[in-house]
Amino acid sequence: MSNYQENIKYLIQRPKTPVIKPPMHRSMFNSSIRREFKLNKGCHQTMGYAEVKVNEPSEFLKKKSRKVIRPFVENTKTSIKNPVQCSCYPNKPSSTKKNSRNFLRENIVDVIRKVPPLPKHRVQDSRDGHTIILDESGLEPLYVLKKDFGKLPLYIEKIFKKIETLRQKEVERIQAIKPPIRHLSKEERFVLLTGLKANWAELHKQFLLLPILTDSVTKINRKTNLENQLRNLEKDIDLLERYPNLYVCDENA
């Protein structure tokens, strides 16, 4: 019968059959064991066993009075044989040779030759006899009396030398990369100055022709551009007139 089919006989609940357990096992000596346990339960509960043989006071426990039987162990320790002497080194010194150095005498000589320590500078600062050591108290100017006081430390000098060396190498590298410079001759200087003045005159003429009223953005930008160009030309002309000796960088070299 499948799970999806129904039968009326399975709708009626059937009574469960009781599980009958087998009887518990009981020993046949149960009663005698209980009797003996109750009989001997409190025979020596407070005062110990009824009869115990007590030793005499002279028979107290002494050292090595008990005989302990130890297990027999066979002596397996092997004796160390003498090392084999090599015939190739007949005069080899033995390693057990005593050192002839007298450490006791050396210590005595060191103590005799030792310079006695200098007395410490002590000062009593109270009537009760309290003393302080000036060298350790910080009241004496010891640090300012040092030889290297106020001088630059050696490690900082090394750092400065290292920085200066790196800077010098960088300058030499830049000088090697830059093209060489040359002196500007008088003829070139005169031609350059004449051209700058001609350009300035042309721009100044254009600046004078500008309208007086600047009412548009185009006119303002035009006037500002001409003023900047005139200002730059005036700086270049002033530079050429002020310094007769000039050096220029020749990019083609």
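## The nonpolar core

The largest nonpolar core is made up of 10 residues in all, namely Leu-184, Leu-193, Leu-196, Leu-203, Leu-226, Leu-230, Leu-233, Ile-237, Leu-240 and Leu-246. Two helices, α5 (186-208) and α6 (217-242), each supply at least two residues of this core, and the largest share, 5 residues, comes from α6. The structure described here is a predicted model.

## The annotated coiled-coil region

The UniProt record, an unreviewed entry, places the feature "coiled-coil region" at residues 216-243. In the model this span is 93% helix and 0% strand, and its end C-alpha atoms lie 42 Å apart.

## Aromatic rings

A pair of aromatic rings is described by the distance of the centres and the angle of the planes. The count for this model comes to 1 aromatic pair, formed by Tyr-143 and Phe-149, whose ring centres are 5.5 Å apart and whose planes stand at 85° to each other. The pair counts as edge-to-face because its angle of 85° is over the 60 degrees used as the cut-off for that arrangement.

The two partners can also be described by their accessibility, for Tyr-143 is exposed, with a relative accessible area of 56%, whereas Phe-149 is partly exposed, with a relative accessible area of 40%.

Elsewhere, the ring of Phe-60 has a charged group over it, namely the charged end of Lys-62, which sits 5.2 Å from the centre of that ring.

Key
Residues numbered from 1 in each chain as written. Predicted model: local features only at pLDDT ≥ 70, side-chain atom pairs only at ≥ 80, totals over all residues. Heavy atoms only, no water. Phe/Tyr/Trp six-rings, centres within 6.5 Å; stacked < 30°, edge-to-face > 60°. Buried < 20%, exposed > 50% of the residue type's maximum accessible area, 1.4 Å probe, protein only. Lys NZ or Arg CZ within 6 Å of the ring centre and 35° of its normal. UniProt positions renumbered as here; feature names shortened; annotations may be inferred. Helix = DSSP H or I, 4+ residues; strand = E, 2+ residues; numbered from the N terminus. Core = buried A, V, L, I, M, F, W, Y, C linked by side-chain atoms within 4.5 Å.
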